[in-house]
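Colleague: I'd like to learn how to read a model like this one. Could you take me through it?

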Amino acid sequence: MLNWFRRQKYTDPAVVDTNQLSKDLLASLMVMAWFVEAKDPYTGGHLWRVSRYANLLARAGSLPEADVARITLGGFLHDLGKVAVPDAVLGKSGKLSDDEFAIIRMHPEAGGRLLSGHPLGHLVLPAVELHHERPDGKGYPYGLTAAMIPTDAAIVSICDAFDAMTSLRPYRQPLPLEKVLAILRQETGTQFNSFWCARFIDLAEQGAFTDILGHTDDGIPLHSCPHCGPTVVRQRHHHAGDVLACNLCHSEMRLVEQQGQLAVVATGKKASADLQQPQADKILIKSIIETSLAQIPITQLVRLSDASRV
């Protein structure tokens with residue numbers, strides 16, 4: 001009976017719930033993107049941070065609410081195509097070979113292909129497929145120039161690069177904010193769209209990103225493993241006493257309350273196999289989807305004729 005209802009729900013126009021269908025379809029994409037991120041222990045929270053930066057930047061440019069919501073989703077999903085990148089390449093801690101870098105450069109096109117048959121793919125396709133394009137034409141995969149790059153991609157490009165520079169990497173510590181802003185100024189008009197880069201720098205100088213830098217959700221910072229640094233991700237449902245795993249060395253960590261804040265302490269044990277398995281942050285994903293869909297007109301989501309093909 002349940003399977004029958006599911007089939008009817010998504011194929012019979014008399015019972016189709018377009019809003020719920022849209023939520024389910026987006027959730028399938030966002031969970032996939034989240035698991036891609038989970039393969040890389042150095043990028044905990046990257047998708048959330050890029051999404052939040054993109055949201056603030058779109059608002060700073062006075063875009064309509066529907067555009068802000070779409071770009072927010074695009075920021076979370078921009079690296080979707082990395083699902084096609086082998087784990088050995090995606091998780092490599094050393095310098096990539098030319099062949100490995102060529103594989104990495106394929107992820108925007110791979111993301112575009114994944115979205116091509118998805119009923120809501122059009123909402124985030126520019127951000128996913130074109131976020132590595134550059135105004136000077138030296139980007140990839142298509143070598144587009146400034147006037148050819150959609151706003152969604154231009155915004156996500158800046159936010160993605162900023163987060164990469166301000167996050168821990170196996171070969172370096174996070175770069176200081178002032179150094180990152182100096183790089184953005186230097187690359188304005190070449191790597192990054194001039195209009196959006198100027199507004200991003202203004203936001204950063206105003207302190208708009210303070211509560212996003214080094215965080216994985218609203219009010220939740222990355223926690224530091226004593227061996228590896230800020231690589232321990234806590235989700236909203238975690239509480240004092242819960243055990244977590246370092247994403248890098250897989251040491252077991254216990255959440256404790258210290259001066260009114262949650263912190264992690266190493267237990268001296270290896271994390272269990274269950275703890276080492278990534279668990280999608282369903283609460284976070286649901287929150288982003290519901291907030292975004294509330295701002296996007298139903299006509300931009302999925303038509304009943306599309307629903308019949310799911």
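Colleague: At what angle do helix α4 and α8 pack, and how far apart are their axes?

Modeller: First, some ground rules: this is a predicted model, where local features need pLDDT of at least 70 and side-chain atom pairs count only at pLDDT 80 or more, while totals for chains, interfaces and linings use all residues. Residues are numbered from 1 along each chain as its sequence is written, and side-chain values use heavy atoms, with hydrogens and water left out.

Modeller: Now the general idea: two packed helices are described by the angle between their axes and the distance between the axes. Here, α4 (residues 65-77) and α8 pack at about 50°, with axes 8 Å apart. Helices (H or I, at least four residues) and strands (E, at least two) are DSSP runs, numbered from the N terminus. Axes are lines fitted to C-alpha atoms, for helices over the stretch in contact, and angles run from 0 to 180 degrees between N-to-C directions.

Colleague: What does that angle make α4 relative to α8?

Modeller: Oblique. Under 35 degrees counts as roughly parallel, over 145 as roughly antiparallel, 65 to 115 as roughly perpendicular, and the rest as oblique.

Colleague: Which residues make the contact?

Modeller: Contact means heavy atoms within 4.5 Å. From α4 you get R70, L73, G74 and L77, and from α8 there are L123, V124, A127 and V128. They divide into six nonpolar, one polar and one charged. Ala, Val, Leu, Ile, Met, Phe, Trp, Tyr, Cys and Pro count as nonpolar, Asp, Glu, Lys and Arg as charged, and the others, Gly among them, as polar.

Colleague: How do α8 and α9 cross?

Modeller: The axes of α8 (residues 121-130) and α9 (residues 151-165) come within 8 Å and cross at roughly 50°. That makes α8 oblique to α9. On the α8 side, the contact is made by L123, P126, A127 and L130, and on the α9 side by D152, A153 and V156.
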